[in-house]
Amino acid sequence: MWAAVYLLKRIVFFLLIVLTAATVNFFLPRLSGQDPIRERMIKQVQSGSAWGKGKEKMVEVYNAKFGLDKPLWQQYLTYLGDMARFDLGHSIAFYPKTVKDILREALLWTIGLLTMTTLLSFVFGTLFGALVAWTRAPLWLRSLAPPIMTMAAIPYYLLGLIMLFVFAFELRWFPGHGGYRIGTIPNVSWRFFLEALEHSILPALSILLSSLGFWAIAMRGMMVTVEGEDYMTLAEAKGIKSSRLFLDYGLRNAILPQITSLALAMGYVFSGALLVEVVFGFPGIGTVLFNSIKGVDYPVIQGIVLTIILTLATTTLILDLTLPMLDPRIRRQT
Amino acid sequence: MTPQPRPNGEAGAPSATLQVRNLRVYFDTPGGVVRAVDDVSFSLEAGERFGLVGESGSGKTTLAMALLRMIKPPGHIESGQIWLDGQDVLALSGEEMRKMRLAGIALVAQGSMNSLNPVTRIRRQLLDGMKDHAAAGSGGADNGANAAKMSRREQDDYVHDLLARVGLEPQVAGMYPHELSGGMKQRVCIAMAISLRPQVIIADEPTSALDVVVQMQVMETLRRVQEEVGAAVILVGHDMGIMAQFVDRVGVMYAGKLVEVSPVREIFSRPLHPYARLLIECLPSLEEKDDLEGIPGLPPSQFERPTGCLFHPRCPHATADCATQEQMLDEVQPDRWVACHRLELIHNLQQETSVQESEAGH
């Protein structure tokens, strides 16, 4: 019974979050007072073409085409309807490409890079942090703690710049820009996959190295606290194997706050990627967001922000649904 | 793991279930060496209930933890011997010691409110200890069931049987610790402790977090299951009322040393060591409404220990000799072991004062 009520509550909550965020998402870019079509035209004029009567007409036609001539409330309702169908419309800057297509291409890169690095650094950082706090862990492992913890203090775009300089410019071990070589057309093949992998190593490493310490520090603190708990003493007095003591009693209790952080981190994957992606010119969603903000490309900005909102809300929902399974004490409070 | 083939009666192999000889547990601290347990010797017969009393910091819990070999750095067992059922506990390897815990010597922990893993069900916590003792050598194989070979059904029966022994419903198996009351949690801890039928159960202030009614119920449960499995019990605590009702013999600890070990009735009616006497006099009486009296002075600092008898600065009977000469635990009467220089004199003194008091009363 509690499960049904709990589930319903969470789902209603989820929908409310998405609706609120989508509304803000609609109004925020429009508050900037810029005119996207005119902006685009001005760019064309700057690059050589003349501003004649025809241009004025074009602005009108395109405004009608994108529905920008209608009153704001009507635009809002249309927008909500489109969002519900996940119809994100067309990009203004890359017309006639749809926002969905742009997102799909960019998301693949971002998911490949950031979801992998976030999950990897979570798994290794958490495990590492737990082992560092575990008095029975080997000494060589525990002595790795200071350098990894230090890495956590460096922002990852800065680490990215350092790596770029050292490994791409000085040593020339890895390519320094983009997701693949200039001239290559993205396709599904081993060759392309390896090429993309080669380009992903530096951005991935800079994210991984700097976030590993973050997970490790948090986990070590929790693990130290848990190790002082009475149930750890009793478990040891029960003659339980060291591995079970570590996993079932120590890690199992210490990991709970980490799971919450992971859900939030997964949501921030998209926005957090921006700086690293821009530094490395990586064709992910961060770069696309960066460019579309520069180009006042409403539909793309909205599409990306909506994706971020949806991921955050979804990971929070997943968190809400899994935490009671991991920590039975949460169930009572609903 | 094979037990050392030492026949009973030989110098190294005591016949008692548990024998502790000259045990010393030291803590290396920046301020110097702290002697938490200092030259403690005692023995337990099978099924015997032994009480360890003393002030906070007197080394009771440290002694209990030393028996389990669970002293954490900077502490360590400096010297001494612990014999459990003919086995030299201090000579066991780490893995052998792990299997000795629960199967040979089990713990019912202090402050059991938090002694259970909050995120797993009781069933799992009752089974995991046994699972990790599967196919244990000596101590484990003969008295522990082999969970690895059990079917789900057999495991259920095993868990339900354990719960029934401590007076809990089978449904408790499927519950989480936060769904249980304090008394129920402590019962679960007792069920765990007897799950492999150990020779010795250490109960470290098992009822300190419970109200008095539940305290008695839990102690009754502990007594019943202890008799069923035939385990000896070491009850650590400072609740003299519970001691009086539960144990057969009492050991009084002061600053890491045992100062008196006597049968419980005798120590209550006629404590011999001055510290034991003051401790028992501290018990409030229901008949007279008196000011609560403590023992004057403080226990010695961990770093600056008095010379001679550790209690002499607070002892009303101390003489110059007490300040210079240590007195070992000695059997002054049958079954009564006391460490005091001035026993004869104090004994007479006590008789005198009691005569005076009775005269004054009339």
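**Chain contacts, domain arrangement and strand pairing**

In the predicted model, 21 residues of chain A are in contact with 24 residues of chain B. On the side of chain A that touches chain B, two elements give two or more residues each, namely helix H10 (230–237) and helix H11 (242–254) of chain A. Of the elements, H10(A) gives the most to this side, with 7 residues. Divided by class, the side of chain A that touches chain B comprises 10 charged, 8 nonpolar and 3 polar residues.

Confidence was then examined for chain A. The mean pLDDT of chain A is 82, and 96% of its residues score at least 70. Among the elements of this chain, the highest mean pLDDT, 91, belongs to H11(A), a helix that also gives two or more residues to the side touching chain B. The lowest mean pLDDT among the elements of chain A, 72, is found for helix H15 (residues 329–332).

Within chain A, the domain assignment gives domain 1 (2–84) and domain 2 (108–332). The centres of the two domains of chain A, taken over C-alpha atoms, are separated by 32 Å. Contacts between these domains involve 14 residues of domain 1 of chain A and 14 residues of domain 2 of chain A. On the side of domain 1 that touches domain 2, the elements that give two or more residues are helix H1 (2–30) and helix H2 (36–46) of chain A. H1(A) gives the most to this side, with 10 residues. By class, the residues on the side of domain 1 of chain A that touches domain 2 of chain A divide into 10 nonpolar, 2 polar and 2 charged. For the side of chain A that touches chain B, the corresponding counts are 8 nonpolar, 3 polar and 10 charged.

Strand pairing was examined in chain B. Strand S1 (residues 18–29) and strand S4 (residues 75–84) of chain B run antiparallel and are joined by 8 bridges. Within this pairing, B:Tyr26 has B:His76 of S4(B) as its bridge partner. S4(B) is also joined to strand S5 (residues 87–88) of chain B, by 2 bridges, and these two strands likewise run antiparallel. Here B:Leu84 stands opposite B:Gln87 of S5(B). S4(B) and S5(B) form a hairpin with 2 residues between the strands, in which B:Asp85 takes a positive phi near 55 degrees. S4(B) therefore pairs with both S1(B) and S5(B), given that two strands pair if at least two bridges are found between them.

Terms used:
Residues numbered from 1 in each chain as written. Chains lettered and ligands numbered in written order. Predicted model: local features only at pLDDT ≥ 70, side-chain atom pairs only at ≥ 80, totals over all residues. Contact = placed C-beta atoms within 7 Å. Helix = DSSP H or I, 4+ residues; strand = E, 2+ residues; numbered from the N terminus. Nonpolar A, V, L, I, M, F, W, Y, C, P; charged D, E, K, R; others polar. Domains from an automatic or database assignment. pLDDT = per-residue confidence, 0-100.
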